[in-house]
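Take a look at the model below. The text after it walks through the fold from one contact to the whole chain.

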Amino acid sequence: MWSEFYAPSKVSELAVHSRKVGDLRHWLEESFSDTKLSKYRKLLVLTGTAGCGKSTAVKLLAKEMNVDVIEYLNESTYKYSNEDEYGESTSKRFSNFLGKSATYKPLSFDNERSNKQLILVEDLPNVLEYTTREASHDALRGHCLDGRTPNVPIVIIVSDSGVRGTGGNADEMVQTTNRDVVDARTVVPRDILDGPFCTTIHFNPIARTFLKKHLNALLDRHRDDNPYGSFKRPHDEAIDVIIDTASGDIRSAINTLQLASQMALPGSLSTGGHKRKAKPLSKSTRVDMEKTLDVLARREVSLNLFHSLAKVLRNKRHGFDDEDKVCSCEDLPHVSLPEHLEYKRRAPSHVHPTRLYEDIPVDVETYLLFLSHNYPAFNQDCDDAAVVADALSWSDSTSIGYNDSKQLSASVFEYVIRKTLHALPCPSIKRGQKIRKPAFFFAEKERRNGIESIKQNSRLAVTIHGQVDTNAIIVDTLPMLSRIWERE
């Protein structure tokens, strides 16, 4: 596979943004330094979508810094499996692996080889199971609180995951504790994740420009390595479609490109693979090419949240060019409406609500929350905004229990999206609007910080188990303290 054969061999070949690589390099340098900061560089959590270069960046930086990478494999054939540990549970093996990797140094018969080592955990234990999760949390907590020197840092790779339309994949967008989704708060205990020993770095999906540059460079490299091979260079427009399908996943883009270059894709250049300026594809050829790539690269694509919101709020329709000017559109189907409904006529939309539901990266409730925060800026008048508000209010009234039913959740989503698309103006109003994160999440963050502050600072209302009764403090103690402070 090209994704393995042409894998980057040095940091400069990565398609990851240089700022993210710099943040990762800075953390690794501090963890292996002789400064006081090294004892706080115990755990690094790398989050992001699959295929955005998290583990590759760690391995290449470790190679450049002469650090041995000890990778945990969630099976019985890892480094210490030949000892008397047969039959142990996964959580026990994980705890023993961390303890032995941090204690024993690798044998070195080379004077130039460094004894620095790093633990990489990408194949996670089953943290969705309660017993395994608690045991894994105890193992990570024990490693972080251990004061041994030199430091052996742990890097945990957490790829965003979730069920389309029923589960989110971003930590900060989960309104409640959803144990059906593997995220940083599920893998790492809360006291360690929010403490001084843990650092979190989020990798964004690979940018479109970086992807296109990397794919073209890979095609040139393959052409030079196989000058007489059966190689058909895909058309530039086909590469653009591959990039759109990949949604920032460079591994998926490379695999699709490999398959596309080994078949007679419509519009491919068959001149020995040498790149030349290609003419734009005709409409029929482009349609055939898109159909072929749709079958070739069919996978569960997750749109970026703000991208999916922009598709709805921009409300692009057939019959308008890129500058939102009306153009001739003879191929569009014409649906006759009665005279009393003629005012409801709209040109066909570019947005397919059913397909959008399958591609959104968060749950329906979170998506509609973002939509309710951003739609007023894209409306033309109050009447249109009232239509969208009415649809969102109806979705709120049916929100109790609809997240438990996939069919009902899809119906609610499609109803709101179709009402929104019908109410928004076309061409869309351009006032320099920006899609922003709802204030709900900032208020929720302040609420969580306040509760954590109460738990840490309060010494009153202690229960039998020794834990602070947070509800009693909020209801009884804080109102009384606020009255005392007001009088003072």
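Which side chains meet in a salt bridge at 2.9 Å, N to O? They are those of D138 and R141. A salt bridge here is a side-chain nitrogen of Lys or Arg within 4 Å of a carboxyl oxygen of Asp or Glu. Both residues sit in helix α5 (residues 130-145); because they are three residues apart there, about one helical turn separates them.

Before going further, note that this is a predicted model: local features need pLDDT of at least 70, side-chain atom pairs count only at pLDDT 80 or more, and totals for chains, interfaces and linings use all residues. Residues are numbered from 1 along each chain as its sequence is written, and side-chain values use heavy atoms, with hydrogens and water left out.

The term pLDDT is the predictor's confidence in each residue, from 0 to 100. Its mean over the protein is 76. A value of 70 or more is reached by 74% of the residues. Two stretches need caution. Over residues 76-85 the pLDDT stays under 50, and the model has 14 contacts for them beyond four places in sequence. Over residues 162-179 the pLDDT is also below 50, and this stretch has 49 contacts beyond near neighbours in sequence. Contact means heavy atoms within 4.5 Å.

Now the overall build. The protein holds 18 helices and five strands. These are DSSP runs, numbered from the N terminus: helices are H or I with at least four residues, strands are E with at least two. Of the 488 residues, 40% count as buried. Buried means under 20% relative accessible area, exposed means over 50%, and partly exposed lies in between (1.4 Å probe, protein chains only). Among contacts with a separation of 6 or more, 77% are between residues 24 or more positions apart. The protein exposes about 27,700 Å², and carbon and sulfur atoms supply 51% of that area. Accessible areas come from the Shrake-Rupley method with a 1.4 Å probe; for residues, only the protein chains shown count as cover.

Next, the strands. Start at β1 (residues 43-48). Six of its six residues are buried, so the rest of the structure largely encloses β1. Both of its faces are covered. L43, V45 and T47 are buried on one side, and L44, L46 and G48 on the other. What does β1 pair with? Six bridges join β1 to β4, and the two run parallel. Two strands pair if DSSP finds at least two bridges between them. L44 stands opposite V155 in β4, and V45 stands opposite I156. Strand β5 (residues 198-203) also runs parallel to β1, joined to it by six bridges. There, L46 stands opposite I201.

Strand β4 (residues 154-159) is mostly covered too, with five of its six residues buried. I119 has I154 of β4 as its bridge partner.

Back to the charged side chains. The structure holds ten salt bridges. R141 also forms one with D191, where the closest N and O atoms are 3.0 Å apart. R141 lies in helix α5 and D191 in helix α7 (residues 190-193), so this pair ties together parts that are 50 residues apart in sequence. D138 is partly exposed at 46% relative accessibility. R141 is partly exposed at 23%, and D191 is partly exposed at 45%.

Another salt bridge joins the side chains of D240 and K212 (3.1 Å, N to O). D240 lies in helix α9 (residues 236-246) and K212 in helix α8 (residues 208-225), so the pair ties together parts 28 residues apart in sequence. K212 is partly exposed at 30% relative accessibility.

S409 lies in helix α16 (residues 406-423). At 1% relative accessibility, S409 counts as buried. The C-alpha atoms of S409 and V364 are separated by 6.9 Å, although these residues are 45 apart along the chain. L481 lies in helix α18 (residues 470-487) and is partly exposed, at 30% relative accessibility. L481 belongs to a nonpolar surface patch of about 640 Å², together with I474, V475, L478, M480, I484 and W485. Patches are made of residues with over 30% relative accessible area and no salt bridge; like charges are joined within 9 Å, and nonpolar side chains (Val, Leu, Ile, Met, Phe, Trp, Tyr) within 5 Å.
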